[in-house]
Amino acid sequence: MALVAALGRAALALFREAGGISLLGIYVALCLLRGRIDWAELRRNLYKMGVISVPIVVLTAFFTGGIMVIQSGIFVRRFGAYGLLGWGAGYAVFREVGPILIGLMFSGRVGANNTAELGTMTVTEQIDGLRALAIDPLPYLIVPRVVAMMIAMFCLLIIGDAIAIGGGMIMSNLLLDVEFSTFYVSFADNVKLWDLWVGLIKGVFFGLCIALTSCHFGTSVRGGAAGVGRAVNDAVVAAALLIMVSDNLLTMVLR
Amino acid sequence: MQLLEVRKLHFNPAVPPVLDGVSLRIEPGQTVGLCGPGASGKSLLLKILCGLVRPEGGRVEIDGLDLCTCSSAALRAVQSRIGMLFQNNALFDSMTVADNVSFPLRQRAIQQGIRLDEAYVRQLVHERLRAVGLADHADKLPSQLSGGQRKRVALARAVMTRPELIIYDEPTAGLDPVTTARIYDLLRRERDETGATVIIVSSDVEALMSFAPRMVMLYRGCLRYDGPTDAMANSPDPVVRQFVRGELEGPL
Amino acid sequence: MRWAWLMMAGVARRLLRVVALTLRGALRARREPGELQRQLYQVGNRSLLFVMVTLGFIGMVLVFQTCLQINRVTGDLSQVGAEFAKILVHEFGPSLTAMMLATRVGAGIAAEVGSMIVTEQVDALRMCGVEPVEYLIVPRFLASLVMTLVLSIVGTVVALGMGGLTAYSSFHVPPSVFFDLSRVRLGDVATGIIKCLAYGAAIPIISGFCGLEARGGSEGVGWATTRAVVSSSFAVIVLDFLISGVAFFTLQASG
């Protein structure tokens with residue numbers, strides 16, 4: 001009985017949050033369609049989110065490239081297929097590993113930060129204050145953040161992909177003695193522009209997922225400092241779940 | 001507790017310093033009221049006194065042991081002889097009221113390697129909770145209590161191990177007058193029962209002056225007054241006089 | 001510049017102190033009764049579903065992408081299962097589970113410890129003669145050490161199962177061909193276990209440290225949680241890179 005009750009509670013909580021996130025998505029879309037967005041806020045958020053996440057994205061991408069080369073190195077050594085290295089690393093980074101890992105890091109850096117910020121505004125009643133000043137918090141606070149996160153993910157992913165391929169090239173030269181030219185030819189001949197686009201489309205989608213979850217959990221905070229911590233925790237978990245699920249769906253659609 | 005002595009305490013040598021050359025000497029069994037306008041370094045001084053914050057210069061001695069240079073084990077031993085009531089209660093919100101109150105006792109037993117008799121602990125907790133009028137709330141969580149009730153739980157926890165030095169940081173902040181009177185009544189009874197040394201900070205200067213026979217006033221990180229409570233209102237220092245009398249005109 | 005160096009040195013010193021106290025506390029016998037079980041439950045049970053869902057989706061995507069590529073080149077899908085099982089055991093199983101735990105568990109620890117800091121509960125602990133690192137971080141450290149290993153095994157099994165399902169439903173690879181553990185060597189299992197232990201140790205220490213460094217009200221807790229997610233995820237990536245690199249060179253002879 002207790003198990004059933006616990007399952008029911010979990011399911012109800014899940015549906016409540018999922019409903020809240022979807023509703024927020026619809027509101028944001030409506031605002032965007034009507035062109036209701038605070039442009040100054042958008043510029044400020046873009047700058048802030050882009051700049052604060054560049055270092056972590058660069059580092060993540062570099063190590064990701066290295067890890068991919070080491071992992072493909074096992075196969076490459078066994079089959080002597082050095083010509084496949086650039087292709088394997090490029091394909092994996094562009095399509096899957098890049099968007100997922102950079103998405104997770106972006107969620108931790110920008111998404112969690114956004115939840116903390118909005119959560120603090122909520123518990124200190126600043127959002128009610130905005131309403132009292134007759135400022136609709138949606139186009140002013142939420143819509144710019146959502147748009148900024150989607151654009152930031154797109155740009156960061158381009159940087160990240162480039163760094164990851166560069167890092168992979170350096171690592172394969174250092175660890176596997178593969179010439180830069182061998183790596184580059186294998187990469188350039190086999191990886192298509194479409195592979196890059198698949199990753200970028202995924203990245204923009206992940207940006208949307210991160211933005212909606214972080215804004216939803218940030219604005220529904222209850223209960224002081226502990227509440228803000230819990231909200232950040234819930235937001236990153238929900239964002240990670242949504243990233244994995246939507247990655248699966250997008251992979252099926254974008255072949 | 002033999003003696004508490006603070007000499008030439010400095011904290012944060014930026015301008016203006018948060019604490020600048022504060023020296024104090026508190027004899028055992030004394031009750032000292034600490035007052036001063038907001039942001040004058042009162043809470044920080046308390047945290048330095050009990051070893052939670054390390055000052056950048058000066059000494060804090062309890063029983064001749066310098067808290068700033070002693071080992072962390074010795075510091076912990078001293079700290080477990082101090083009871084502290086925090087400004088925001090600092091109740092452990094994952095524990096019930098009874099667990100909160102018994103926590104210092106259990107931790108001290110673990111430290112000294114003693115096995116506690118469970119029935120004895122339960123009886124003692126019940127006794128203490130009854131003393132603060134919360135015997136029926138032992139199994140509740142702190143989040144289910146009102147502000148005044150939480151303060152009383154924190155008080156029960158602070159004095160659970162019969163500490164030799166008790167520090168109260170704003171014991172009545174944000175409470176209504178009746179609850180305030182009740183809290184001071186509890187503090188008085190506790191002091192008379194144990195004869196512990198008490199340091200108390202409050203922005204309610206009137207209540208503080210009726211409770212503590214000796215007053216210390218901090219102003220901008222410096223000691224402005226240290227002496228008997230009766231002489232404070234007639235102090236030659238205009239800052240102290242204005243603060244105690246609550247006048248609008250003056251140097252403050 | 002000098003100021004930045006001093007700050008970094010301070011952070012490093014405090015982090016080392018937390019590491020030393022945690023290790024010392026973990027080796028000592030005296031422990032809070034029941035606290036370890038509670039933390040095992042917190043870390044393990046509450047992350048179980050999250051790890052299963054995310055790793056399940058990852059397994060599906062990885063197999064899908066791999067089969068798609070192989071179909072383009074050779075069309076021989078008989079080795080996919082065996083290679084997938086191998087790479088899952090020594091790389092994706094532990095590392096992706098740990099990435100998920102870094103968000104789930106890391107953020108949880110930082111939020112909890114951080115809100116205890118800003119509400120002075122940690123000071124209250126110290127006034128009871130308790131060392132906060134020993135009381136708060138050591139049980140979480142031990143629980144995370146055990147649970148990262150357990151959850152990685154669960155995650156690996158789920159990912160393998162979902163991968164097999166995808167291979168069967170989308171590419172008609174029969175399960176009897178797909179589920180083939182013959183390529184998994186002892187070295188792969190050892191690498192996987194070492195990775196699990198390293199991640200399991202790093203996540204609670206780093207996020208606990210971020211929680212202990214929290215300052216200020218609810219905003220401080222939010223910041224601490226954000227930093228915990230980013231730092232522990234990044235630690236997972238760096239550790240993955242290092243351990244993979246070492247394993248690659250020490251195990252390359254055995255294939």
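The model is predicted: local features need pLDDT of at least 70, side-chain atom pairs count only at pLDDT 80 or more, and totals for chains, interfaces and linings use all residues. Residues are numbered from 1 along each chain as its sequence is written, chains are lettered from A in the order in which they are written, and side-chain values use heavy atoms, with hydrogens and water left out.

Let us start with who touches whom, where contact means heavy atoms within 4.5 Å. Two pairs of chains are in contact, and chains A and C share the most contacts. Chains A and B do not touch, as their nearest C-alpha atoms are 10 Å apart.

Now turn to the meeting of chains B and C. Here 23 residues of chain B are in contact with 16 residues of chain C. The size of an interface is often given as the accessible area lost when the parts come together. Chains B and C bury about 1800 Å² between them, 56% of it on carbon and sulfur atoms; buried area is the accessible area (1.4 Å probe) that two parts lose on being put together, summed over both.

Two salt bridges are counted between chain B and chain C, each being a side-chain nitrogen of Lys or Arg within 4 Å of a carboxyl oxygen of Asp or Glu. In a salt bridge, the side chains of Lys47(B) and Glu120(C) meet at 3.0 Å, N to O. On the side of chain B that touches chain C, helix 2 (72-79), strand 6 (82-85) and helix 3 (97-112) of chain B each supply at least two residues; helices (H or I, at least four residues) and strands (E, at least two) are DSSP runs, numbered from the N terminus. Helix 3 of chain B gives the largest share of that side, five residues.

Finally, look inside. The structure holds eight cavities of 30 Å³ or more; on a 1 Å grid over the protein atoms alone, a cavity is a set of points where a 1.4 Å probe fits but cannot get out, and lining residues have an atom within 4 Å of a point. The second largest cavity has about 250 Å³ of space, a volume being the space filled by probe spheres set on the points, which are joined across faces, edges and corners. Its lining has 20 residues, and Val97(A), Leu101(A), Glu91(C), Phe92(C) and Leu96(C) lie nearest the centre of this cavity. Helix 3 of chain C gives the most to the lining of the second largest cavity, with five residues.

How values were computed
1 Å grid on protein atoms, 1.4 Å probe; cavity = no way out; pocket = protein on both sides within 12 Å on 5 of 7 lines; lining within 4 Å.
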